[in-house]
Amino acid sequence: MDLRCRKTNCEFNKNLTCTAQKINISSELICKSYKKGDNKELKDFSSKIFTDNPPKIENYRHIKDSNLVCHANCLFNRDGKCISNGITVNSSLSNKPECITYMIK
C-alpha cells in the first residue's frame, strides 16, 4: 500500500509520503493518526506540481503489512481494514486531515 499525505505540517509527513506505523481513518473520513509537527510549516505546493521545479516527492514506499484501520462506509473497507492499493490524505490547506481515496459503497 502506498500512503500519500498532503498535510505537510504533519509529524509523519516526509516529502508527501506518510511514515506513520499505524493509520486510523474515522467514520467521518478523518485521519486520526495526524499529528501536527512542532517544526513543520504548512506549505502550499499545488501550484508547483506541473512546473519545471516540482516539489520533492518521496519514492513509492510499499507497505506490505500496513496497519490501516478504517471505520468509514467505504468500498475499500473490509472488516475495518483498508484494502485499497494506496490512500491519500487531502491538501495541506484544508482544515481537517481527510482521506480523499474514499469511495461510496
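1. The chain has an accessible surface of about 6900 Å², and carbon and sulfur atoms hold 48% of that surface. Areas come from the Shrake-Rupley method with a 1.4 Å probe, and for residues only the protein chains shown count as cover. Of the 105 residues in the chain, 39% are buried (under 20% relative accessible area).

2. This is a predicted model, in which local features need pLDDT of at least 70, side-chain atom pairs count only at pLDDT 80 or more, and totals for chains, interfaces and linings use all residues. Numbering starts from 1 along each chain as its sequence is written, and side-chain values use heavy atoms, without hydrogens and water.

3. The average pLDDT (the predictor's confidence in each residue, from 0 to 100) of the chain is 84, with 82% of the residues at 70 or above. Among the elements, the mean is lowest for strand β1 (residues 2-6), at 85, and highest for β6, at 94.

4. The chain has 8 strands and 0 helices. Strands are DSSP runs of E, at least two residues, and helices are runs of H or I, at least four, numbered from the N terminus. Of the contacts (heavy atoms within 4.5 Å) with a separation of 6 or more, 67% join residues 24 or more positions apart.

5. Asn77 belongs to strand β6 (residues 77-78) and is buried, at a relative accessible area of 11%. A polar atom of the Asn77 side chain lies 2.9 Å from the backbone nitrogen of Gly80. Beyond neighbours within four places in sequence, Asn77 is in contact with Cys70, His71, Ala72 and Lys105.

How values were computed. Buried means under 20% relative accessible area, exposed over 50%, partly exposed in between (1.4 Å probe, protein chains only). A polar contact is a pair of N or O atoms within 3.5 Å; within protein, one must be able to donate a hydrogen and the other to accept it, and residues adjacent in sequence count only if both atoms are side-chain atoms.
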